[in-house]
Amino acid sequence: MNDPLGLCVTPPGLALTNLYEQELGTQFIETDLYDLPDKISKIVTEDLEIAKTFDMTFESNFITIHVTDHIYQDLCSASRGTKSALCCPLCSSIAVALARTLNTPITVEHLQSPRQDGSLVVRYKSIEEAL
């Protein structure tokens with residue numbers, strides 16, 4: 001990298017995203033955005049049993065996920081407590097999957113974990129109007 005003010009960090013969920021693609025037998029870059037919620041939900045809740053429920057919704061260039069009883073709850077809560085710029089592997093893996101599917105950078109706009117009911121809500125934003 002030539003930008004001395006920039007920083008390149010490997011996403012904590014990169015390996016998990018690669019595992020999703022392996023389980024699907026396809027790459028996210030070849031996946032239609034509106035097929036993504038069902039595919040990730042099946043992988044996360046049934047195949048890998050990472051979470052009890054997974055839901056993804058779209059609004060303009062924002063994507064929101066709602067997850068319950070996920071295995072990264074303690075790690076996610078700890079990273080929020082330290083005000084870390086990094087999120088847990090689950091949140092990160094979804095951001096990577098979205099970036100690959102949309103072929104555009106994704107930011108985590110809002111992360112709420114744990115909520116009163118113990119669930120996780122993450123709001124991502126596509127940098128470009130890709131939805």
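User: What order do the elements of the chain run in, from the N terminus on?

Analyst: From the N terminus on, the order is α-α-β-β-α-α-β-β, and the secondary structure comes to four helices and four strands. Helices (H or I, at least four residues) and strands (E, at least two) are DSSP runs, numbered from the N terminus. This is a predicted model, in which local features need pLDDT of at least 70 and side-chain atom pairs count only at pLDDT 80 or more, while totals for chains, interfaces and linings use all residues. Residues are numbered from 1 along each chain as its sequence is written, and side-chain values use heavy atoms, with hydrogens and water left out.

User: And how much of the chain do buried residues make up?

Analyst: Buried residues make up 40% of the 131 residues in the chain, where buried means under 20% relative accessible area, exposed over 50%, and partly exposed in between, with a 1.4 Å probe and protein chains only. The chain exposes about 7,400 Å², and carbon and sulfur atoms supply 49% of that area; accessible areas come from the Shrake-Rupley method with a 1.4 Å probe, and for residues only the protein chains shown count as cover.

User: What share of the contacts is between residues 24 or more positions apart?

Analyst: Among contacts with a separation of 6 or more, residues 24 or more positions apart account for 54%, a contact being heavy atoms within 4.5 Å.

User: Let's go to H4. How many of its residues are buried?

Analyst: Twelve of the 14 residues of H4 are buried, so this helix is largely enclosed by the rest of the structure. Among them are Leu90, Cys91, Ile94, Val96 and Leu98.

User: What about the length, what should H4 span?

Analyst: At 1.5 Å a residue, its 14 residues should span 20 Å, and the end C-alpha atoms are 20 Å apart, which agrees; the expected span of a helix is 1.5 Å times one less than its number of residues. H4 is followed by Asn103, whose phi is positive, near 55°.

User: Pick out Ser93 for me: what does it touch?

Analyst: Not counting residues up to four places away in sequence, Ser93 touches Gly13, Leu16, Thr17 and Tyr20. Ser93 lies in H4 and is buried, with a relative accessible area of 0%.

User: Switching to charges, how many salt bridges does a search of the whole structure find?

Analyst: The search finds two, a salt bridge being a side-chain nitrogen of Lys or Arg within 4 Å of a carboxyl oxygen of Asp or Glu. In one, the side chains of Arg100 and Glu21 meet at 2.7 Å, N to O. Arg100 lies in helix H4 (residues 89–102) and Glu21 in helix H1 (residues 14–24), so the pair ties together parts that are 79 residues apart in sequence.

User: Are those two buried or exposed?

Analyst: Arg100 is partly exposed, with a relative accessible area of 24%, whereas Glu21 counts as buried at 12%. Besides Arg100, Glu21 touches Thr26, Gln27 and Phe28, not counting residues up to four places away in sequence.

User: And which residues meet in the salt bridge at 2.9 Å?

Analyst: That one joins the side chains of Lys42 and Asp47, at 2.9 Å from N to O. Lys42 is partly exposed, with a relative accessible area of 39%, and Asp47 is partly exposed as well, at 35%.

User: Where do the buried residues of H2 fall?

Analyst: The buried residues of H2 (residues 36–47) are Leu36, Pro37, Ile40, Ser41, Ile43, Val44 and Thr45. Seen down the helix axis, they fall within an arc of 170°, so they line one face of H2; the arc is that of the directions from the helix axis to the C-beta atoms. These buried residues pack against H1, strand E1 (53–59) and H4, while Asp38 and Glu46 are exposed on the other side of H2.

User: Last topic, the strands: how many bridges join E2 to E4?

Analyst: Six bridges join E2 (residues 62–68) to E4, and these strands run antiparallel; two strands pair if DSSP finds at least two bridges between them. The bridge partner of Ile63 in E4 is Tyr124. E3 (residues 106–112) and E4 also pair in the antiparallel sense, over six bridges, with Gln112 opposite Val121 in E4. E4 (residues 120–126) is mostly covered, as five of its seven residues are buried.
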